[in-house]
Amino acid sequence: MTGSRGSNPHAPAVRPATPADGGAIERLHRRAFGAEGDTIVTLLGDLARDPTAAPRLSLVAEADGEAVGHVLFTAARIEPGPPGLTCRILAPLAVDPGRQGRGIGTALVRAGLDVLDAAGVDLVFVLGDPAYYGRFGFVPATPAGLVPPHPLVPEFADAWMERTRAGSPGAQGRVRCADVLEEPRYWRP
Ligand SMILES: CC(C)(COP(=O)(O)OP(=O)(O)OC[C@H]1O[C@@H](n2cnc3c(N)ncnc32)[C@H](O)[C@@H]1OP(=O)(O)O)[C@@H](O)C(=O)NCCC(=O)NCCS
């Protein structure tokens, strides 16, 4: 997948992040998230150190030699869940504000889901805009019996989404994430 553009020669190159990308990734999230930037950068650092976040999948979109987008997937689980079921959660995702609307976020999410599908990961969760994530096959998770780590305010109800890999038996239960991502502040507006 390294440097992959898939079948679209105009799509950004998506590759695994390396330790050398750390500063660029932080700057990117600060620019993309504005007032929330500090919180997101703290989350990134905490997830990098939290052993319960592994396995991680951290991908960078590169254009003109610079990181212009980043997505991170970390471990999740369902309690009680069938033995052997594997889950991840997508958070955070950011694209440089000067490059948004050109398919970079889409390329990052699709590349990540391709890697996770190929690895046999059963379910992927996200707390995000249904209008955006629906295009990747994410559907509301609560009606599917997948309870978020913390109760959500009504305006977030549809934002809690899951994507079950084709062929996976799926599951129901309470979703748990890495310890740092379980902090209630990440589940409030
Ligand atoms: C959300 C984000 C990652 C999308 O990246 P992007 O590269 O601009 O997205 P793409 O070009 O792949 O997709 C563009 C499409 O997504 C839509 N879109 C972009 N941001 C959106 C958002 N926040 N909510 C809903 N739809 C959004 C656009 O309207 C466009 O729709 P269309 O294809 O129907 O025309 C980017 O806008 C961003 O970094 N935002 C700030 C940080 C953020 O909100 N991250 C997501 C947290 S869950």
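The model is predicted: local features need pLDDT of at least 70, side-chain atom pairs count only at pLDDT 80 or more, and totals for chains, interfaces and linings use all residues. Residues are numbered from 1 along each chain as its sequence is written.

**Fold**
- The protein chain has 4 helices and 9 strands; these are DSSP runs, helices H or I of at least four residues and strands E of at least two, numbered from the N terminus.
- Their order along the sequence is β-α-α-β-β-β-α-β-α-β-β-β-β.
- The C-alpha atoms fill a box of roughly 45 × 35 × 30 Å along the principal axes.
- Contacts pair residues whose C-beta atoms, placed from the backbone, lie within 7 Å.
- Of the contacts with a separation of 6 or more, 69% link residues 24 or more positions apart.

**Core**
- A nonpolar core joins buried Ala, Val, Leu, Ile, Met, Phe, Trp, Tyr and Cys residues through C-beta atoms within 7 Å.
- Buried means 20 or more other C-beta atoms within 10 Å of the residue's own, with C-beta atoms placed from the backbone.
- The largest core holds 50 residues; Ile-89, Leu-90, Leu-108, Val-124, Phe-125 and Val-126 touch the most other members.
- Strand β3 (residues 66-79) gives this core its largest share, 8 residues.
- Beyond its neighbours within four places in sequence, Val-124 contacts residues including Phe-73, Leu-90 and Arg-163.

**Ligand shell**
- The ligand is surrounded by 17 residues, counted where the C-beta atom, placed from the backbone, lies within 6 Å.
- The closest are Gln-100, Gly-105, Thr-106, Gly-128 and Asp-129.
- β4 supplies the largest share of the shell, 4 residues.

How values were computed
A residue is buried if 20 or more other C-beta atoms lie within 10 Å of its own, exposed if 12 or fewer, and partly exposed in between; C-beta atoms are placed from the backbone. Two residues are in contact if their C-beta atoms, placed from the backbone, lie within 7 Å.
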